[in-house]
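Trainee: I am new to this structure and would like to learn how to read it. Could you walk me through a few of its features?

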Amino acid sequence: MKNLRDVPSPGPEAYDRARTALRTAMGEPVATVVRPKRWFSWPKVGVAAVSAAAVAAAVVMGTSGGSVPAGPSGAAPQAAEAPLVKLASAVQAAGTQPGDASLIINTKFGLDNKPDLNYTLYTDKGQQFTGDSAKTLVDAVVKGDAQPATPYDGNVMAAARLAANGDVDKARIAMITAAGNALGVGLSPAEADKAWAAAQAETAEMFRKIGKTVPAPKPRPTGKDLENLINNHLWSNTEHALFANAADAEVRAGVLKLYATIPDMIVGKTTVDGQAALTLTAPPAILGGSTDVLTINAGNGLPIREEITSAEPSKRWVVNYKSARVTLADVAAGKI
C-alpha cells in the first residue's frame, strides 16, 4: 500500500462501492478478520487496487440462507451491558476535551513482530489525515492533504452519536447497515429479498468490470448464520468508529453502548501499566472462529490494545493504541 502513493485516490463513491460489494459477499465470517483503515494509512490507493482487494476477500467468503429474521432490537440484556453502559455514562458526563480533532496513533505488530506505526487524525468536520510518522502527518495537515470524507465514515459516526444520545436499538440498526443493507436488517421479508438481489447484482457487475468470473448467486443467510453475520457487522463497524474518532467522548460513549448489545460479549477486568482496564472479547462465532480481544481504559473507555488470533494456526496480530484530543493548528506546528 505504501508503494502506491503516486496513484490517485479513489473517490468516496468508489470506496463505498468496493466496501458494499465486500459486505455483500460476506455470507459468514472467515478466519482472517478484515480490518480496513485503522491498521494502516490508506495513502494514494487507486480504484483498481480497492476493487482488487474487495474481490480477493469476496472470493473466499460464502453464504447460506433463507429468510431474514426480525430486526436486532429487543434482545435480552447481556452480561456485558452493566459495566459498558455504566462506563458510557461516565464518558459522556465527562465530555469531550477541547480541540477540533481526534488523534489516534496505532502500532501494529504482525506475524513478523515488526512494528508498523500509523497516525490518523479525524477532524470534527469529518476530514481524515494519515501518516506513517509524526512528520508525514504534519506534512499532510500543512498541505491540506485530507482524505475525502466517505458516507461510510459519516454513517458510523452518526450511529455512534445516536446511541450515545438517543435510541440504542435504532442506532444499532444504523451501525449494522452503515456500509449498506444487503442483509435486509429492519426490512420486511419482501424488501429484504429485493435488497439482497440488488446487492448480488451489484457484486456481479463489479466482477464483470474487472474481468473476473462472476460467482454464482448466493441465497440469503438465515437463522444463526444471519445473526452471527449481523453481529459481525456491528462489531466491525463500531470498531471503525472507535479507532477513527476515539478521543470524541460522544462517539466513544455510543460505541460502548453498542458493544453492550452484542450477545455473548465477554467483559473482563485487567490492568495495563498499572491502570485499570477492561477487556472486551467478541464471541468467536461472529468471527468465524477467530478471537478479537479489545482492551480499553476502565476509566475513560479509550482503546489501549487489540489482539486478534485467527482460526488458522499461528496467525496473530497485536495493535497498541494511543488517543488524544488535539487541534489542527497544533498538529500543523508539529506539536503532537
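**Reading a buried ring and its surroundings**

Mentor: Let's begin with F243, which is buried, its relative accessible area being 2%. Buried means under 20% relative accessible area, exposed over 50%, and partly exposed in between (1.4 Å probe, protein chains only). Keep in mind that this is a predicted model, where local features need pLDDT of at least 70, side-chain atom pairs count only at pLDDT 80 or more, and totals for chains, interfaces and linings use all residues. Residues are numbered from 1 along each chain as its sequence is written, and side-chain values use heavy atoms, with hydrogens and water left out.

Trainee: How many aromatic pairs does a search of the whole structure find?

Mentor: Two. Rings of Phe, Tyr and Trp (its six-membered ring) pair if their centres lie within 6.5 Å; planes under 30 degrees apart count as stacked, over 60 as edge-to-face and the rest as tilted. W235 and Y259 form a tilted pair, with 5.2 Å centre to centre and 45° between the planes. W235 belongs to helix α8 and Y259 to helix α9 (residues 249–259), so this pair ties together parts 24 residues apart in sequence. Helices (H or I, at least four residues) and strands (E, at least two) are DSSP runs, numbered from the N terminus.

Trainee: Are W235 and Y259 buried or exposed?

Mentor: Both are buried. The other pair is F243 with Y321, and it is stacked: 4.3 Å centre to centre, with 20° between the planes. Here F243 sits in helix α8 and Y321 in strand β8 (residues 316–326), so parts 78 residues apart in sequence are tied together. Y321 counts as buried too, at 5% relative accessibility.

Trainee: At roughly what angle do the axes of helix α5 and helix α8 cross?

Mentor: Axes are lines fitted to C-alpha atoms, for helices over the stretch in contact, and angles run from 0 to 180 degrees between N-to-C directions. The axes of α5 (residues 151–165) and α8 (residues 223–244) come within 9 Å and cross at roughly 95°. That makes α5 roughly perpendicular to α8; angles under 35 degrees count as roughly parallel, over 145 as roughly antiparallel, 65 to 115 as roughly perpendicular and the rest as oblique.

Trainee: Which residues make the contact?

Mentor: Contact means heavy atoms within 4.5 Å. From α5 come Y152, D153, V156 and M157, and from α8 come N237, H240, A241 and A244.

Trainee: And the protein as a whole?

Mentor: The protein has ten helices and eight strands, and buried residues make up 49% of its 336 residues.
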